[in-house]
Amino acid sequence: MKLKRATIVRSILTVIAAGLSLLATRGGATPDQPGAKKWYKGNLHTHTVHSDGDSTPNEVASWYKDHRYHFLVLSDHNYLTETAGLNTVFASPEKFLLIQGEEVTTSSGGKPVHVNAYHLGGLVDPVQADSVAATIQANVNAIRAARALPSLNHPNFGWAVTSKDLMQVSNLNLLEVYNGHPMVNNRGGGGAESLDEMWDALLTGGKRIHGIAVDDAHHFKTIDKTLSNPGRGWIMVRAARLADADIRAAIEAGDFYASSGITLNDVRTDGGALRIEIKPDGAARYSTYFIGEGGKALKRVDGINPEYRFQGGEKYVRAKIQASTGDDAWVQPVFGGSR
Ligand SMILES: [Zn+2]
Ligand SMILES: [Zn+2]
């Protein structure tokens, strides 16, 4: 009898919780914050026929708009695919926006060095220098000089870039921690760092760097795991409105998370804790790892409401969420002294 009552109470609570979670996700903002910022989904790395993609800018923009992305960067290799004309066709308020970018593409000693430029006004020519680190720095400098945001792409593509290289680079605050291209070795292996390990090495070394997930999509005509198809990695940016300046400011501030399939209803740092609300998806189960200095897992929390209470003295705390489906999400580091 007792058990039965407990079951009924639990069912009622589940229904209430589902209702609350529905309320919380409506419009992407929590109901108790009038005029709150919203989440915007975007892919920062895509190719068209202007470099080695298989589809026109129109076809690529259509794919992302049809799949309910809010913003998209067409990042062709050493080519600026201009967005003004495309935006007259595709942009619509609060629904879709193309942001201008380029994949500044070069190499050093036979190793590929690809640095994306976001919110770019004019073409940036790639620069070569005498080491991988110096080449990255030269291109970061060129992108900064063009008043755009630099991001280091797929470090393990061609096993080109290590955390040791990146420790020598300044003015770089974005790193791909997930890239959907099948040839980029996100997980490392054979003695090479995974992108998560690389990120932790940089954070531990004192770098203020945010992690992004991207498609690096080239192939829209055929879907196959051996191809670089769209829809594999994205960021969710929290901003007041869908506008170039707002998205840029939020990316620069690290007010976003990266995902390969997990949606979060909320991420917040308050009351001395980092709190995350995961949006449940079918039967999927979730584990969240709160990670600190040296890549050490400080705490693992199962379920959809993981929280980490700061102990004081942590250099940084970030979170990686793993779903039973194989999908991941990456929550940006909270740095000691900034909370
Ligand atoms: Zn590339
Ligand atoms: Zn690319």
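This is a predicted model: local features need pLDDT of at least 70, side-chain atom pairs count only at pLDDT 80 or more; totals for chains, interfaces and linings use all residues.
The protein has 339 residues, and 51% of them count as buried. Its secondary structure consists of 7 helices and 16 strands. Among contacts in the protein with a separation of 6 or more, 64% are between residues 24 or more positions apart. The accessible surface comes to about 15500 Å². Carbon and sulfur atoms account for 53% of that surface.

Two zinc ions are placed 3.5 Å apart. Glu103 coordinates both. The zinc ion (ligand 1) is coordinated by Glu103 through OE, His114 through ND1 and His154 through NE2. These distances run from 2.0 to 2.2 Å. Along the sequence, the donor residues of ligand 1 follow the pattern E-x10-H-x39-H. Distant parts of the chain are linked here by Glu103 and His154, which are 51 residues apart. Glu103 belongs to strand S3 (residues 97-108). His154 sits in the loop between strand S5 (149-152) and helix H5 (163-167). Both Glu103 and His154 are buried.

The zinc ion (ligand 2) has four protein donors: His45 (NE2), His47 (NE2), Glu103 (OE) and Asp216 (OD). The angles subtended by the 4 donor atoms span 81 to 169°. The arrangement is therefore irregular. A tetrahedral assignment would need all angles between 85 and 135 degrees. The spacing of the donors along the chain is H-x1-H-x55-E-x112-D. Here, too, distant parts of the chain are linked: His47 and Glu103 are 56 residues apart. His47 is in the loop between strand S1 (38-43) and helix H2 (57-66), whereas Glu103 is in strand S3. His47 has a relative accessible area of 0%, so it counts as buried. Glu103 is likewise buried, with a relative accessible area of 0%.

Strand S3 also contributes to the cover of a helix. Helix H4 (residues 132-145) has 14 residues. From its first C-alpha to its last, H4 reaches 20 Å, close to the 20 Å expected at 1.5 Å a residue. Its buried residues are Val132, Ala133, Thr135, Ile136, Gln137, Ala138, Asn139, Val140 and Ile143. Their cover includes S3, strand S4 (111-118), S5 and H5. Arg147 follows H4 and has a positive phi, near 60°.

Helix H7 spans residues 244-253. Its buried residues are Asp246, Ile247, Arg248, Ala250 and Ile251. After H7 comes Gly254, again with a positive phi, near 75°.

Strand S15 (residues 316-323) is mostly covered, with 7 of its 8 residues buried. It pairs with strand S12 (residues 286-292) through 6 bridges. The two run antiparallel. Within this pairing, Thr288 has Ile321 of S15 as its bridge partner. S15 is also joined by 6 bridges to strand S16 (residues 328-335), again in antiparallel fashion. In that pair, Gln322 stands opposite Asp328. S15 and S16 form a hairpin with 4 residues between them. Gly326 lies in the turn and has a positive phi of about 100°.

Definitions and conventions
Residues are numbered from 1 along each chain as its sequence is written. Chains are lettered from A and ligands numbered from 1 in the order in which they are written. Side-chain values use heavy atoms; hydrogens and water are left out. Buried means under 20% relative accessible area, exposed over 50%, partly exposed in between (1.4 Å probe, protein chains only). Two strands pair if DSSP finds at least two bridges between them. Donors are N, O and S atoms within 2.8 Å of the metal (3.2 Å for Na, K and Ca); water is not among the atoms, so sites may look incomplete. Contact means heavy atoms within 4.5 Å. Accessible areas come from the Shrake-Rupley method with a 1.4 Å probe; for residues, only the protein chains shown count as cover. The expected span of a helix is 1.5 Å times one less than its number of residues. Four donors count as tetrahedral if all angles lie between 85 and 135 degrees; four count as square planar and six as octahedral if opposite donors are over 155 degrees apart and all others between 65 and 115; anything else is irregular.
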